[in-house]
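Please examine the structure shown below together with its sequence.

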Amino acid sequence: MDARTRADQAQTLASQATNRVDALTNQIANLDSYRPVVETSVHFGFDKANLTSKAKEALDQLVAEVPNTKGYIVVVEGDTDSVGSASYNYKLSERRADAVVQYLAGKDIPVHKIYVIGLGKDKTAAPNDTKDGRAKNRRVDVRLMTNTQQQGNSAQNTAPNPSR
C-alpha cells in the first residue's frame with residue numbers, strides 16, 4: 001500500500017507539472033499579447049560582462065515591479081559594440097545577458113520566466129564610429145512584459161495599461 005500511495009503522489013505531481021508546462025506553452029504561443037511594463041538598459045565596460053553597481057540598481061528597480069505584474073515574462077537582449085569578430089561578439093553578448101539572468105535569478109525571478117537573446121553587434125543603439133556610440137552599444141536591454149490576455153483582478157496590476 002505504501003508503494004501505491006507513492007505512485008499516486010508521483011502521478012499527481014507529474015500531472016501538475018504537465019499542466020504547468022501546458023500553461024507556459026500557451027503563454028509563449030501568445031507572445032504577441034505581451035506589452036512592456038518596465039524597460040531598462042544596463043551598460044558594460046569594453047570587453048566586460050560583469051554588472052556594475054549602477055546596473056544592479058537599474059535591475060532592482062525592474063524587479064520591484066514584478067509583484068505588481070500579473071502574467072509576466074522578462075526579455076533579456078545582450079548587445080555589443082562593433083569591435084571584434086561577429087562570433088566573439090555573439091558570445092560576449094550572451095555572457096552579458098547571462099550575467100543579467102543570474103542576477104535576476106538571485107532576486108527570485110524564476111529562470112523559466114526569462115527569455116534570453118544574444119544579438120552581438122546586430123542591434124545598435126548608436127553609431128559605432130565614436131567612442132560614445134560604442135559605449136552605448138555595450139549593453140543588455142531588459143524588458144518586464146505582461147500578458148494583456150491575462151485574466152484576473154486588474155486592480156492587482158498597478159502598471160499603467162494604455163489599452164484601457
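**A charge, a sheet and its helices**

The charged end of Lys 113 sits over the ring of Tyr 72, 4.4 Å from its centre; this term requires NZ of Lys or CZ of Arg within 6 Å of the ring centre and within 35 degrees of the ring normal. The model is predicted, so local features need pLDDT of at least 70 and side-chain atom pairs pLDDT 80 or more, while totals for chains, interfaces and linings use all residues. Residues are numbered from 1 along each chain as its sequence is written, and side-chain values use heavy atoms, without hydrogens or water.

An open sheet of 4 strands has the order β1-β4-β2-β3 with mixed pairing. Strands are DSSP runs of E of at least two residues, helices runs of H or I of at least four, numbered from the N terminus; pairing requires at least two DSSP bridges. Because β1 (34–43) and β3 stand at the edges with a single partner strand each, one side of each has no neighbour in the sheet.

Strands β2 (residues 72–78) and β3 (residues 114–118) pair in the parallel sense over 5 bridges. Between them the chain passes through helix α3 (residues 86–106), in a right-handed β-α-β crossover (clockwise from the first strand over the helix to the second, with the strands pointing away from the viewer).

Within α3 lies Ala 97. This residue is buried, with a relative accessible area of 0% (buried means under 20%, exposed over 50%, partly exposed in between, with a 1.4 Å probe and protein chains only). Among the residues that Ala 97 touches are Val 76 and Val 116, contact meaning heavy atoms within 4.5 Å.

Note on methods. Lists of a residue's contacts leave out its neighbours within four places in sequence.
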